[in-house]
Amino acid sequence: MPFKIIVIAALAAALAGCGSKSTRSASSGEDVFASAGCANCHTLKAAGANGRVGPDLDQLKPTAAVVTRQVENGGGGMPAFKGTLTAAQIKAVANYVAANAGK
Ligand code: HEC
């Protein structure tokens, strides 16, 4: 399957995930990871995620600063979340990924 189609399919899944966010407020990093759709595109064993659109976070082991920058700005096929997640939610998911990648 061409990369573009995979991204679009994952985006649609991510957007569908966003719709359900209004009924449940995501606060912990783990909740944000699941509800924001990160799991659709990324592998992170600790979150039970095995998405293959973006890099495998267990292998990448990004620092919280790297996750924050990427989640805020997006890029390279990943959407920016600055408008959809609060600063607190971005901080929570960044700390969650940095603490759990590779475990
Ligand atoms: C639609 C698919 C998609 C979604 C949803 C998504 N990502 Fe990504 N992500 C990507 C792609 C593709 C890349 C690779 C970007 C690149 O190569 O520049 C990436 C890159 C990353 C990186 C690596 C940045 C770096 O500098 O190496 C991190 C960390 C990351 N994403 C975290 C997240 C988190 C946390 C979420 C949820 C808030 C998320 N992603 C949601 C597709 C996605």
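Predicted model: local features only at pLDDT ≥ 70, side-chain atom pairs only at ≥ 80, totals over all residues.
How far does a polar side-chain atom of Arg69 lie from an oxygen atom of the ligand?

1. Arg69 places a polar side-chain atom 3.0 Å from an oxygen atom of the ligand.

2. The shell around the ligand holds 20 residues, of which Cys38, Cys41, His42, Arg69 and Met78 come nearest. Two or more shell residues come from each of α3, α4 (57-60) and α5. The largest contribution is that of α5, with 5 residues.

3. Sorted by class, the shell consists of 13 nonpolar, 6 polar and 1 charged residues.

4. On the protein side, the iron atom of the ligand has two donors, His42 through NE2 and Met78 through SD, at 1.9 to 2.1 Å. His42 sits in the loop between α3 (38-41) and β1 (43-44), and Met78 in the loop between α5 (64-73) and α6 (87-100), so the pair links parts of the chain that are 36 residues apart in sequence.

5. The arrangement around the iron atom of the ligand is octahedral, because its 6 donor atoms subtend angles of 89 to 179°. The cut-offs behind that label are over 155 degrees for opposite donors and between 65 and 115 for all others.

Key. Residues numbered from 1 in each chain as written. Heavy atoms only, no water. Donors = N, O, S within 2.8 Å, 3.2 Å for Na, K, Ca; no water. Tetrahedral: all angles 85-135°; square planar, octahedral: opposite > 155°, others 65-115°. Helix = DSSP H or I, 4+ residues; strand = E, 2+ residues; numbered from the N terminus. Near = heavy atom within 4 Å. Polar contact = N/O pair within 3.5 Å; in protein donor to acceptor, adjacent residues only side chain to side chain. Nonpolar A, V, L, I, M, F, W, Y, C, P; charged D, E, K, R; others polar.
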